[in-house]
Amino acid sequence: MNLKNTADRWGGVSQFLHWTIAVLILTIGAVGLVMGELPRTPKYFWVYTAHKSLGLTVLALVLARIGWRLYAGAPKPVPGTPRWQAWMASATHGAIYLLILAMPLSGWLYDSASGLRPFRWFGLAEVPKLAAPDEALASTAHSTHEWLFWLLIALVLAHAGAALHHHFVQRDATLARMLPRRWISPPRNEDSA
Ligand code: HEM
Ligand code: HEM
């Protein structure tokens, strides 16, 4: 498997980062929605620490992914893609990148401004606070954290829908080139590289 991206395929590093970040974000989001309902007792604090630690891990992975994307580039749009569709895909991808950066940052800001006790990343290292305790800032950061999540989910649904449409209706290599070669083959034989 190629680690670097080529003109017609995502390489192993981009594929690994794409799917790891996707799974982590959906898991962390589900935990986030449920944990607010848990009793606020020490018995459940580990759930909060796990949410925050995984969230900061996503932040590091997204920064690594952006760095790798700048270094390794991206495949060209699949042959035959209309310009408006390529433009829509780039705009959606750009918005998703912004949101997956803003999600952990708004959570971290909320945690900081709430004046909560410092937590340790997976129990290993104390995480610094981004701001002093501030009720108004905490409330803004909290609603930002919640609303950006729903916006991200809406974009991801459109994004995944587009990927499936490419695969099953347009029958091109868009989805196949973001997966290991042996998992699925492109419906047409465009991806013969
Ligand atoms: C990819 C990263 C993240 C995602 C997708 C995510 C998602 C969510 C979601 C969906 C909620 C529920 C919102 C609500 O209904 O109140 C939530 C709550 C929360 N998040 Fe995150 N989060 C992420 C990262 C973080 C980080 C890095 C921190 C802190 C360092 C954090 C701190 C919190 C806290 C403290 C709450 C609980 C709010 C409450 O119930 O009081 N999150 N998160
Ligand atoms: C939280 C979930 C997800 C996030 C945050 C996400 C994010 C992204 C981003 C930012 C890109 C653009 C990569 C770049 O240009 O650097 C991308 C590409 C892609 N994503 Fe996702 N994605 C998610 C879920 C999914 C799902 C569920 C599918 C499939 C059903 C999917 C299929 C694809 C494909 C096929 C590409 C490559 C598009 C191309 O080659 O033009 N993604 N994703």
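1. Helices here are DSSP runs of H or I with at least four residues, strands are E runs of at least two, and both are numbered from the N terminus.

2. On conventions: this is a predicted model, where local features need pLDDT of at least 70, side-chain atom pairs count only at pLDDT 80 or more, and totals for chains, interfaces and linings use all residues. Residues are numbered from 1 along each chain as its sequence is written, chains are lettered from A and ligands numbered from 1 in the order in which they are written, and side-chain values use heavy atoms, with hydrogens and water left out.

3. Helix α2 covers residues 45–72, 28 residues in total. From first C-alpha to last, α2 reaches 40 Å, close to the 40 Å expected at 1.5 Å a residue. The expected span is 1.5 Å times one less than the number of residues.

4. Ser53 belongs to α2. Ser53 is buried, at 0% relative accessibility. Buried means under 20% relative accessible area, exposed over 50%, and partly exposed in between (1.4 Å probe, protein chains only). Leaving aside neighbours within four places in sequence, Ser53 contacts Phe119, Arg120, Trp121 and Phe122. Contact means heavy atoms within 4.5 Å.

5. Two of those partners deserve a look. The whole structure holds 3 aromatic pairs. Trp121 and Phe122 form an edge-to-face aromatic pair, 4.8 Å centre to centre with 75 degrees between the planes. Rings of Phe, Tyr and Trp (its six-membered ring) pair if their centres lie within 6.5 Å; planes under 30 degrees apart are stacked, over 60 edge-to-face, the rest tilted. Trp121 counts as partly exposed because its relative accessibility is 32%. Phe122 is also partly exposed, at 42%.

6. The charged end of Lys4 sits over the ring of Tyr71, 4.6 Å from its centre. The test: NZ of Lys or CZ of Arg within 6 Å of the ring centre and within 35 degrees of the ring normal.

7. Ser106 lies in helix α3, residues 83–113. Ser106 is buried, with 8% relative accessible area. Beyond neighbours within four places in sequence, Ser106 touches Ala141, Thr144 and His145.

8. For the side chain of His159, an N or O atom is 2.7 Å from a ligand 2 nitrogen. The Trp10 side chain has an N or O atom 2.8 Å from an oxygen of ligand 2.

Note on methods
A polar contact is a pair of N or O atoms within 3.5 Å; within protein, one must be able to donate a hydrogen and the other to accept it, and residues adjacent in sequence count only if both atoms are side-chain atoms.
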